[in-house]
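Colleague: I am new to reading protein models. Could you take me through one, feature by feature?

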Amino acid sequence: MRLNIGLSKRRYRRFRTSSKSWFLMVLLIVCWFGFHQLKSYWEQPQALFVLGGAAEREVFAANFARQHPQLPIWVSSGSNPEYAEWVFSEAGIDPDRLHLDYQAVDTVTNFTTLVDELKAQGIHSVYLITSDDHMRRARIIGEIVLGSRGISFKAISVPSGRSPEPIEKVVRDGVRAIIWLTTGYTGASLGQLKIGNR
């Protein structure tokens, strides 16, 4: 009987310690995300960062760029260069502001291929432009990848008329972003799995 009571007390103490550890870990994560959200409200964006994958994002970005004439525009793996240059030219955007990059093969690599370039340019805050159905996933990846370099962002959603992406894509790419952060490996081949890559 005493032995059972002793075991129960030890299990209870371990459970309490384990619960406290999980609570602290969750609290730290919430605080980290909260800090980045507050930081993004205070910092004035220094560039537009457009995720390729849908032509309407570039059209929206070109019009948005007219309202922010001092900001450079970075487009990651968008439309072909001729079309992209035409869209921004038609909107009256100076070609010197436009930076087209075609290294990315999916959403995670949209961020990982350009984050160090943005940092090297002294950019600490960006407008993140992507479709509304894609924004949840982009925000998670952006918090991890851009946040790892001290870059905050203000999300600007482009109306798409599509339903939000499945949560599985968000989780998968969030894990990939964490793997990139710890190993430098993007897991781009994982992005090609059954649930899609964009």
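**Strands, helices and salt bridges**

Modeller: Start with a strand pair. This is a predicted model. In it, strands E2 and E3 (residues 98–101) are parallel partners, joined by four bridges. Within E3, Leu100 is the bridge partner of Val75.

Colleague: Which strand is joined to E2 by four bridges on the E1 side of the story, and in what sense do they run?

Modeller: Strand E1 (residues 47–51) is joined to E2 by four bridges, and the two run parallel. Look for Leu48: its opposite number in E2 is Ile73.

Colleague: How does the chain get from E1 to E2?

Modeller: Follow the path between the strands. From E1 the chain passes through helix H2 (residues 55–66) and on to E2. This β-α-β crossover is right-handed. Now take E2, helix H3 (residues 81–90) and E3: they too form a β-α-β unit, and it is right-handed.

Colleague: Are the faces of E2 covered or open?

Modeller: Check the residues on each side in turn. Strand E2 spans residues 73–76, and both its faces are covered. Ile73 and Val75 are buried on one side, Trp74 and Ser76 on the other.

Colleague: How many helices and strands does the chain have, and what pattern do they follow?

Modeller: Count the elements, then read their order. The chain has seven helices and five strands. Along the sequence the pattern is α-β-α-β-α-β-α-α-β-α-β-α.

Colleague: What share of the residues is buried?

Modeller: The chain has 198 residues, and 41% of them count as buried. It exposes about 11100 Å², with 62% of that supplied by carbon and sulfur atoms.

Colleague: Where is there a nonpolar patch on the surface?

Modeller: Look at Phe23, Leu24 and Leu27. They form such a patch, with about 310 Å² of accessible area together. Phe23 belongs to helix H1 (residues 2–42). Phe23 counts as exposed because its relative accessibility is 55%, and the cut-off is over 50%.

Colleague: Which parts does the salt bridge of Asp173 and Arg137 tie together?

Modeller: Those side chains meet at 2.6 Å, N to O. Asp173 lies in helix H7 and Arg137 in helix H6, so the bridge ties together parts 36 residues apart in sequence. Both residues are buried.

Colleague: Which residues are linked in a network of salt bridges?

Modeller: Asp106, Arg137, Glu165, Lys169, Arg172, Asp173 and Arg176 are linked in this way. Glu165 and Lys169 meet at 3.9 Å, N to O, and both are buried.

Definitions and conventions. Residues are numbered from 1 along each chain as its sequence is written. This is a predicted model: local features need pLDDT of at least 70, side-chain atom pairs count only at pLDDT 80 or more; totals for chains, interfaces and linings use all residues. Side-chain values use heavy atoms; hydrogens and water are left out. Patches are made of residues with over 30% relative accessible area and no salt bridge: like charges are joined within 9 Å, nonpolar side chains (Val, Leu, Ile, Met, Phe, Trp, Tyr) within 5 Å. Accessible areas come from the Shrake-Rupley method with a 1.4 Å probe; for residues, only the protein chains shown count as cover. A salt bridge is a side-chain nitrogen of Lys or Arg within 4 Å of a carboxyl oxygen of Asp or Glu. Buried means under 20% relative accessible area, exposed over 50%, partly exposed in between (1.4 Å probe, protein chains only). Two strands pair if DSSP finds at least two bridges between them. A crossover is right-handed if, with the strands pointing away from the viewer, the path from the first strand over the helix to the second runs clockwise.
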